[in-house]
Amino acid sequence: MRREEAVSALKNRFLERFGPFKEGDLLFSMAPGRVNLIGEHTDYNGGFVLPLTIPRAAYLLVRQRGDRRVSLWSENFSEGVEWNLDDPPRKEGRRWFHYPLGVVEALRGRFPLGGFEGVVTGDVPLASGLSSSAALEVAFVGAVKGLFSLPLDPLEEIDAALRAEREYVGVQCGIMDQFVSRLGRSGEALFLDCRNAEYRAVPWRPEGISLLVVDTGAQRELAASAYNTRREECEEGVSFFQRHDSSIKSLRELSWELFQRYGGGLPEGVASRVRHVLEENRRVREAVNALERGDFQALGELFTASHRSLRDLYLVSSPELDRVVASSLEAGALGARLTGAGFGGCAIALFRESDLERGKMAIQRDFEESFHRLPLFLELRENFGSQVARV
Ligand code: ADP
Ligand code: MG
């Protein structure tokens, strides 16, 4: 959806739900979803990630009210919700309105807020691993900040979005999604250090190159339990190496030398997980260098190496993801990998534009043959950042 398209669709719906508005009454806020280019299962190990916003976003249009009520309409769910600021609904839950509720509650403790009303829509596929939830939170933080002129800097906005998800929705997420949704910009990826939240923009100018996002639509049933097991294995790795060097607080502090010297004493599974994390952190740094040189060939090779490592060392791939990656490479992709926690969700593949159509056909054909349904494609040539504006 283009910004203008979103604004005009939201204005129509706003008029229908909340009545006429005057020029300048309405505040528009939007925030994008994301894909992680590389750096998987590194975040909770104090490591590096390299996310990129996608040209899909949460969009909302809001207006202040004279009373203490918050009234919202969701286009995606065709459902309205209304509550009194001073008497909010039960705190936790995972319905769509718990995200805006969480944002309002995270800010209400610190600032005087008034009532408001608005309509919300979005075209980030929901629950596909492209972070529609962070997009929704960041868009709401921007809207509430703008409506009530809150003195929040971008990092405080991110903090409010994170608190909404962690404390009110009850998902213990990492920092990546909210960071990139708020700070990602057109023509840039975001290099983020999850140990200390330091970040910097990295150029994303894929001339003649397309990033293809392939949503396998596969359920991620295994994801939660396996995710916890992986985290435990990484912690086991940290405790093991702490006996050799007490300054190691996370796998980020573990050197390759120490791993080589003592890693043989670890259970084989744990050693594989640790090795993935060490090598993946190195690949993220190399990917940053590749993007700075505009070397998409090198980026592609790093994608593929990351996938192999996630498949063979970290054991978080799935038949669907492996199929998409293999088909992409056979069709001439520069590289491909699963993105997100794994066990389903999305893969990404880097194609020369001249190979893209052939690539999509091959992926689709192979996927349908193996799984008797079709994957969803999202092509990414350009990307954009969040914005808030009077309309
Ligand atoms: P992901 O962030 O990977 O897309 P999550 O499960 O974290 O998946 O978040 C998806 C949920 O976020 C949806 O089920 C819905 O409740 C909420 N959500 C996201 N975008 C919107 C939107 N545009 N409108 C209403 N709810 C949304
Ligand atoms: Mg999410």
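Me: Which strands make up the open sheet, and in what order?
Reply: The order is E2-E7-E8, 3 strands with antiparallel pairing. Strands are DSSP runs of E, at least two residues, and helices are runs of H or I, at least four, numbered from the N terminus. Two strands pair if DSSP finds at least two bridges between them.

Me: Which are the edge strands?
Reply: E2 (48-49) and E8 (198-203); each pairs on one side only. H5 (residues 176-183) packs on the sheet and touches E2, E7 and E8. Contact means heavy atoms within 4.5 Å.

Me: What angle does H5 make with E7?
Reply: About 145° between their directions. Axes are lines fitted to C-alpha atoms, for helices over the stretch in contact, and angles run from 0 to 180 degrees between N-to-C directions.

Me: Before I go on, what kind of model is this?
Reply: A predicted one: local features need pLDDT of at least 70, side-chain atom pairs count only at pLDDT 80 or more, and totals for chains, interfaces and linings use all residues. Residues are numbered from 1 along each chain as its sequence is written.

Me: Back to E7. How many bridges does E7 share with E8?
Reply: E7 (residues 188-193) and E8 pair over 6 bridges, antiparallel. Aspartate 193 has glutamate 198 in E8 as its bridge partner.

Me: And E4 with E5, what do they form?
Reply: A hairpin, with 4 residues between the strands. Serine 78 in the turn has a positive phi of about 45°. Arginine 69 stands opposite asparagine 84 in E5.

Me: New topic. How far does H8 reach?
Reply: 37 Å from first C-alpha to last, over 26 residues (268-293). That is close to the expected 38 Å, which is 1.5 Å times one less than the number of residues. Glycine 294 follows H8, with a positive phi near 70°.

Technical notes. Chains are lettered from A and ligands numbered from 1 in the order in which they are written. Side-chain values use heavy atoms; hydrogens and water are left out.
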